[in-house]
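Reader: Can you take me through this one? I'd like to start with the surface.
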Amino acid sequence: MPQIECAVCLCYIHETNRMRKTLLFVILLFSLTAAHAQLNYRSNLNGFKLMDGTTQIENPFWGGFNSPQFQHMDLNGDKLLDIIVFDRYDSKVMPFLRLQNDVFQYAPEYEASLPKGLYYYKTADINSDGKLDIFTLSESSNLLIYINQTTAGSNKLKFNGLGPWYYRNQFDSSFFNLYNPLSFSKFDMPEISDIDGDGDLDILSYDQGNYTYRLFKDVRAEKKWSKDTFEFQIMDVCFGYFNEGFDNSILLGECPYKDKLKPRHTGGATCLMYDADADGDKELMISNIGFPRFTYLKNGKAQAKSYYDTMVAYDTIFPRNTVAANQIMFPAGYLVDISGDGVQDLVIAPNNFTDVKETNQVWYYKNLGQSNKPNFQFEKSTLFTDKTLDLGARTAPVFVDIDADGDQDLLVANNGDFEITKGLRDRIALFENTGNAQNPVFTIKDRDFMKFSDSSNLAYQHILPSVGDIDSDGDLDLIIGLINGRIALYENTAGANKPVKWVYKTRDLLKVSLEMGETNAAPFLYDYNADGNMDLLVGYYNGRVSLFEAANKTYNNFILKSRNAWGARGNEWREDVTPGDWKAFGYAVPRVADLNGDGKKEFIVGTAYGYTRLYKIEGHPYTDSLLADSSWFFQYTVADSTMPKMGSRVVPAFAELTGDSLQEMVFGLGRGGLMWANSLNTKKLPSNVKPLESISANLYPNPGSNFVVLSRTKGAPASEWKIELYNLQSQLQYETHLGSGEQGVGIPIQDLSNGVYFVKITNLEGQNSSIKLIVQH
């Protein structure tokens, strides 16, 4: 269900019991649903066209990839293996439906049905029921398992979390606690498969204390338990009877388990197992943090007819007889059927959280052999990324008419590719609008606009641009937030209605003392007090938004008014500590725009956590602490709607692009791509027509289960209203009317599925408004 938060109320909400918390939430939800009914923005994959030269980017709004992990899952019950992509960078879960063979389409409607993940996201069938379950980690690095309980043939996914208590420790049976969480390093990538061929799952993971690999075996088969019962026990502390040297070398036939030497990795190894030679045992492919290659180890168990897995040879060039995977620092491998031929292919991508190769980093090797005797041949380094826009990492968009031709162009700041820039020289890509003001087409014209990355210029990191007329001369100047909390200014010397000419002025516009956490500045120019001077909102790493008031029409005299303007926050609230508190960081990105064309400004804040918050600031002094509404923006799910979780470090940008007077939205993301949203509302009414506010109604109870009542508010005109109830697919569910002079009408909802609907009200003049309805049986 969409969330509504309150900066003043949150302390109260989180310090009361569950009943009071729920009651307050429902009250806030009901009171705000009608107030923001006109702000119906939907995440949409089908935005405007983006062109790279003469080539149209096929799916420009998937959102980018940094350290993607690839796993199988049947998402829609059609018995085809679809793909889940989990990005370690920001824990974003991205479902992809297999349309045919090797053709996939991003399907965000399934995201809400999939469990949240952290660090890694693997699928395997732990209870042998033919459905893939999900393995991931908790914040404390404990293994979590989610059992797939989806009905066969259904597209409504259902998972049941089992908690972390799977590991049978080594204590005697008389000990008071025999089970512990199974913990793994968050930097690792374990192997989860049937390693010993007995029909149940085992787990192989790196032991950085002894630089060996440990085998945790499910003893279900040995205990002859039912398929729904499992228990992991540690069975081998030196799997394969080898260990690694300090220089990433392999030492076969050695297992210094008792030698407690200093680990050579600060944390991190990946492993992948498969039968490479059809002999029934599994070979091992490993990589380590700080090294750009895999090591392939041959298992001699079958040849020696041994009970134990023993690695007898190794190769540091992998795969052989094709392009070796030796160009990605700390790579991880995934066996998934990309081509759709029923044979597992190989995908390789970075495994670090950040500071990785961020372009041309998803390598696809097609298997021309068979699953138990593969022949991996390199196909491309751009699996999935060649279908979308991916500029590297930390994209930050802003719309501006660069060439003064009357339509909006698009600037997108980004860090390029960390492997090339080392995060030290961000740049701005220019997308020129080669369409027009009603039908935009954005074409990449310059990937390093103004040459910010040149060594001759100042080195900028984590840049976040915005534009506005800071000196009141009629043209738009450029301001850029920097990682150190300062703001750079580039003055437009071209004059009004001319192509921009930005000239560097300063990299410390405000010249104020910064407090702890006031880094990663995100500036936005906004005349909050309507005095004709452009004031400045600045979001920071600490999640707060500061307000600086302009004392005059120049740019050299700003006065700090508040470090907590309107109570806006980019942080999340922590419930895992007592007393509750805000998380330390939020990467707040403030923006102000009239989203629905009603003449009133909305205050939108991008956050570190994948969503945006909206504040209604009209008529409120900056000292007020306002309600934050997250329900104004949603995406469809299979059976309902939900607030989109876009990933991390969301940077919103707004512009009117289609001639309907309503703002379109683009979001920059930490993963380096863009996402898009548009309003479901109709065109803004002309000035000679009564405003939409003349249609004023209440809808109660909301949420409702059997019957709701739509009534006019006190003083509302008593004209005839047409009442229509729609689901989120714009399908009409019910229709009635409210006659002239009637105060209310009932709407039956007992036969509707749980979810979000919209009640549309239309008067005789053709004016319309809508109220969100939540059906909850």
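Author: A nonpolar surface patch of about 360 Å² is made by Phe171, Phe175 and Phe176. Patches are made of residues with over 30% relative accessible area and no salt bridge, where like charges are joined within 9 Å and nonpolar side chains (Val, Leu, Ile, Met, Phe, Trp, Tyr) within 5 Å. The areas come from the Shrake-Rupley method with a 1.4 Å probe, and for residues only the protein chains shown count as cover.

Reader: What kind of model is this, and how are residues numbered?
Author: This is a predicted model, in which local features need pLDDT of at least 70 and side-chain atom pairs count only at pLDDT 80 or more, while totals for chains, interfaces and linings use all residues. Residues are numbered from 1 along each chain as its sequence is written, and side-chain values use heavy atoms, with hydrogens and water left out.

Reader: Where is phenylalanine 175?
Author: Phenylalanine 175 is in the loop between β13 (165-168) and β14 (179-181). Strands (E, at least two residues) and helices (H or I, at least four) are DSSP runs, numbered from the N terminus.

Reader: And is phenylalanine 175 buried, exposed or something in between?
Author: Its relative accessible area is 31%, so phenylalanine 175 is partly exposed. Buried means under 20%, exposed over 50%, and partly exposed in between (1.4 Å probe, protein chains only).

Reader: New topic. How many salt bridges does the structure hold?
Author: The structure holds 25 salt bridges. Each is a side-chain nitrogen of Lys or Arg within 4 Å of a carboxyl oxygen of Asp or Glu.

Reader: Why would such side chains pair at all?
Author: Side chains of opposite charge can pair when their charged atoms come close.

Reader: Which residue does aspartate 426 meet in a salt bridge?
Author: Aspartate 426 meets arginine 394, at 3.9 Å from N to O. This pair links distant parts of the chain, 32 residues apart: aspartate 426 is in the loop between α5 (418-421) and β31 (427-433), and arginine 394 is in the loop between β28 (376-380) and β29 (396-400). Aspartate 426 and arginine 394 are both buried.

Reader: What about aspartate 315?
Author: Aspartate 315 forms a salt bridge with arginine 320 (2.7 Å, N to O). Aspartate 315 counts as buried because its relative accessibility is 19%, whereas arginine 320 is partly exposed at 46%.

Reader: Which residues are linked in a network?
Author: Salt bridges link Asp196, Asp198, Lys217 and Glu222 in a network.

Reader: Now sheets. What is the order of the strands in the open sheet?
Author: The order is β52-β53-β56, three strands with antiparallel pairing. The edge strands are β52 (697-700) and β56, each pairing on one side only. Two strands pair if DSSP finds at least two bridges between them.

Reader: How many bridges join β52 to β53, and β53 to β56?
Author: Four bridges join β52 to β53, and five join β53 (residues 707-712) to β56. Tyrosine 700 stands opposite valine 709 in β53, and leucine 710 stands opposite valine 745 in β56.

Reader: Which residues of β56 are on the covered face?
Author: Val745 and Ile747 are on the covered face of β56 (residues 744-748), while Gly744, Gly746 and Pro748 are on the uncovered one.

Reader: Why does it go every other residue?
Author: In a regular strand the side chains alternate between the two faces of the sheet.
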